[in-house]
Each structure stands twice: as C-alpha cells, then as structure tokens.
Amino acid sequence: MKISILFASILTPRALGYPGMGSTMADIESRGDFSLGSRSTELLGDLKTLNNQDLTSQGSAIKSILQGGSAIADSNTFNPPGKLTSNACKKSVLCIWYYIVQDMKSTFTDSSGCTDLGRGAIRQGFHDAATWNKSSAYGGADGSLLLSDELDRSDNLGLQEIGSQTKTWYNKYKSYGIGMADLIQTAAMTATVCCPGGPRIRLFIGRKDDSRAGPTGLLPSQAQDAPALINLFAAKTFTSNDLVALVGAHTAATQKYVDPSRSGAPQDTTPSVWDTDFYSQTIAGDNKTILIFHSDKSISDYSATKNQFKTFAGSNGKSLWSPAYAQAYFRMSLLGVNNLNNLTEITQVLPLPR
C-alpha cells in the first residue's frame with residue numbers, strides 16, 4: 001500500500017528500496033544545491049517564459065519570491081466594508097476571503113495553540129500541491145484532492161476530516177466565485193499562522209481547479225531514505241535545503257497510522273506550537289517521548305542535509321527556519337499553476353502571527 005508523509009504524520013509504512021546509492025551523493029552535489037542555505041530560484045508556470053515587461057505587479061511579486069525574495073508578509077490587515085451578504089462585500093474579493101479566513105481561524109485555533117483540523121489543513125495543502133513534478137502534464141495545486149477521488153488514495157489516509165470540513169466551506173462559499181484549489185491553500189496558510197510562532201506567508205488566489213485526480217507516485221513516504229526524498233523534491237524544483245525547511249512542518253503534527261499502538265503521538269513535544277523543537281528532538285532520537293519517522297531521522301543524518309538540519313535545531317534556528325519555510329511553502333503552493341501572472345494577492349485577510 002502506498003503512503004505519504006507530506007509533513008503531517010498520518011501514515012502507514014511501506015518498505016522502499018533505493019538502487020544506485022553509490023552515485024547518489026555525487027548526483028546531488030552536482031545539482032549545485034549542496035551548500036548550506038541554498039534555496040531554489042527556479043521559476044514556475046507561465047513565469048518561465050514571460051518577459052519582465054509583460055508581468056503584472058502580482059506576477060512580478062511572485063517572480064521575486066520564487067527567485068529568492070522573502071515570502072513573509074507584512075502586518076497590513078483588511079477591514080471588511082460590510083457583512084458577507086452586503087453589496088459592498090460582494091464586490092470585494094478581499095472581503096469574501098476575509099470571512100472565509102475568519103471561519104477557518106475559529107476552527108484552527110484553541111487555547112493551547114493550533115488544533116487537529118489546523119494540523120490537517122497544513123498537510124492537506126501539501127498533498128494537493130505535491131502531485132506534480134517537472135515532467136507532469138497536469139496536477140499540483142489544483143484542488144483535485146477534493147474534486148476527484150484522490151482523497152481515497154492510501155497516500156491521503158487521515159485527511160478525511162479536514163477534507164470534509166474544506167468541502168463544507170467550499171459549498172458555503174462557492175456561490176461567491178471561490179475555487180477549491182485556492183481554498184485548500186488558503187486553509188494551509190491560515191492554519192500555519194494560527195499555530196503560535198507560525199509565519200504569515202504571502203497568499204495569492206486565482207488557481208484553476210481541475211477535477212482530474214492528480215498523478216500517482218509523486219508523494220513522499222515516511223519509509224524513504226534522504227537520497228530518495230532529495231531526488232523526489234528536486235523534480236518539484238526544491239533544493240535539499242528546501243526539503244529540510246519543509247519537513248519542519250512536522251513540528252505541528254501527530255501520527256495515527258505509522259504506529260497505531262501510539263496513535264496521537266507527536267513528532268515533537270509541542271505539536272500545538274510552531275517551533276524548532278522538531279529538529280533538535282529528532283536529532284536527539286528519543287523515540288519514546290515522540291514518534292520519529294524514519295524519513296526525518298534519515299534527513300537529519302544524511303551528509304547533504306544534516307548541516308541544515310542542525311542549523312535549524314540551533315539557538316538561532318527559529319529565526320532562520322521561519323523565512324526558509326515560508327519561501328519553500330510559497331513555492332509548494334504554486335506547483336502546477338500556469339497562470340501565475342494573473343493571480344491576485346489576498347495576504348491582508350490572513351490573521352497576524354500569534
């Protein structure tokens with residue numbers, strides 16, 4: 001049975017072989033992403049072919065972030081001009097999304113931090129977007145996870161509750177012209193900033209929905225070793241250091257199916273808080289207090305990724321990890337999207353960091 005880790009820990013294991021290990025390290029180093037801190041600057045979608053003079057202001061902003069600019073949002077907020085049903089709100093894209101995000105915020109937040117549904121929304125965002133690589137003709141952040149039978153795949157075990165909630169929001173708001181792909185990524189971004197310490201990542205909407213189930217075989221597994229994961233993510237335009245940043249989302253994660261006898265076990269001791277305990281506690285290796293995935297331990301030990309892992313575990317780790325994660329997840333949220341120049345920014349509707 002095929003299963004996926006994509007950063008939220010509700011999985012069943014499978015064994016994977018990885019042939020050609022002798023040449024793997026040389027292959028990884030030859031890609032030029034071996035140095036500590038290296039981030040992807042590869043363009044995506046229509047931005048690969050458009051000239052700068054043909055870019056909209058939104059397209060220029062997205063291009064800048066993809067090429068290494070900060071994805072951390074400023075503190076600007078939005079005040080709705082009226083109730084959701086008012087004419088003034090109906091005329092404002094920001095107003096409609098403001099009320100959607102308010103619904104999400106109340107669902108993703110409790111007195112201890114972020115909720116199970118919030119953690120699920122983060123994983124759901126990864127799973128919709130990551131069914132894509134540079135060889136894919138379709139897939140990515142297109143809403144297919146919930147618009148097709150994709151959710152029934154074993155990769156997506158454990159996403160049924162957040163999937164059901166997201167469909168409820170979709171049915172409530174679709175008459176206002178919102179799309180499922182945007183809803184899934186908005187939920188992921190909202191859930192991240194609802195976790196205490198989570199970054200407020202710039203958010204754009206206008207993705208095109210697709211009801212075709214995404215390609216299979218493109219999601220990672222908790223049973224994989226670091227070299228296989230590095231190559232899997234390289235095909236999605238991520239460097240090995242981006243992978244280390246992304247896997248840190250396990251800081252807000254609990255597992256149910258990797259070890260059913262320990263259902264609810266977290267991947268660090270503070271699963272309701274967005275911090276770097278995941279990195280230091282994975283390195284420490286206490287698999288009794290937390291449940292450490294084989295994939296995470298492999299990344300923490302592997303020569304091409306261990307230095308970045310240790311950096312995020314260090315005393316200044318949080319200040320380095322937050323912008324690295326924000327930039328990498330911003331990229332993730334746009335995989336397979338081919339109309340980036342026509343997207344609209346709605347970052348102002350997101351909650352401020354806690």
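Which residues of H11 are buried? They are Phe278, Tyr279, Gln281 and Thr282, where buried means under 20% relative accessible area, exposed over 50% and partly exposed in between (1.4 Å probe, protein chains only). The model is predicted, so local features need pLDDT of at least 70 and side-chain atom pairs count only at pLDDT 80 or more, while totals for chains, interfaces and linings use all residues. Residues are numbered from 1 along each chain as its sequence is written, and side-chain values use heavy atoms, with hydrogens and water left out.

**The whole protein**

The secondary structure comes to 14 helices and 4 strands; helices (H or I, at least four residues) and strands (E, at least two) are DSSP runs, numbered from the N terminus. Of the 354 residues in the protein, 58% are buried. Among contacts between residues at least 6 apart in sequence, 76% join residues at least 24 apart, contact meaning heavy atoms within 4.5 Å.

Select H11 (277-284). The cover over its buried residues includes H10, helix H12 (294-301), helix H13 (306-313) and H14. Just after H11, Gly285 has a positive phi of about 80°.

Next, select Gln267, in the loop between helix H10 (240-247) and helix H11. Gln267 is buried, with a relative accessible area of 1%. A polar atom of its side chain lies 3.1 Å from the backbone oxygen of Leu291. A polar contact is a pair of N or O atoms within 3.5 Å; within protein, one must be able to donate a hydrogen and the other to accept it, and residues adjacent in sequence count only if both atoms are side-chain atoms.

**Helix H14**

Move to H14 (317-332). This helix has 16 residues and reaches 22 Å from its first C-alpha to its last, close to the 22 Å expected at 1.5 Å a residue; the expected span is 1.5 Å times one less than the number of residues. H14 is mostly covered, with 12 of its 16 residues buried. Among them are Trp321, Tyr325, Tyr329 and Phe330.

**Met189**

Tyr329 is also a contact of Met189, which sits in helix H8 (residues 180-194). Met189 is buried, with a relative accessible area of 1%. The C-alpha atom of Met189 is 7.3 Å from that of Ile122, 67 residues apart along the chain.

**The cavities**

Finally, look inside. The whole structure holds 2 cavities of 30 Å³ or more. On a 1 Å grid over the protein atoms alone, a cavity is a set of points where a 1.4 Å probe fits but cannot get out, and lining residues have an atom within 4 Å of a point. Grid points are joined across faces, edges and corners, and a volume is the space filled by probe spheres set on the points.

The largest cavity contains about 50 Å³ of space. Of its 11 lining residues, Thr131, Arg153, Asp155, Pro215 and Leu219 lie nearest its centre.

For the second largest cavity, of about 40 Å³, select Ser40, Ile65, Leu66, Asp242, Gln327, Ala328 and Arg331. Helix H2 (57-66) and helix H14 each give two or more residues to this lining, and H14 gives the most, with 3 residues.

Key:
1 Å grid on protein atoms, 1.4 Å probe; cavity = no way out; pocket = protein on both sides within 12 Å on 5 of 7 lines; lining within 4 Å. Lists of a residue's contacts leave out its neighbours within four places in sequence.
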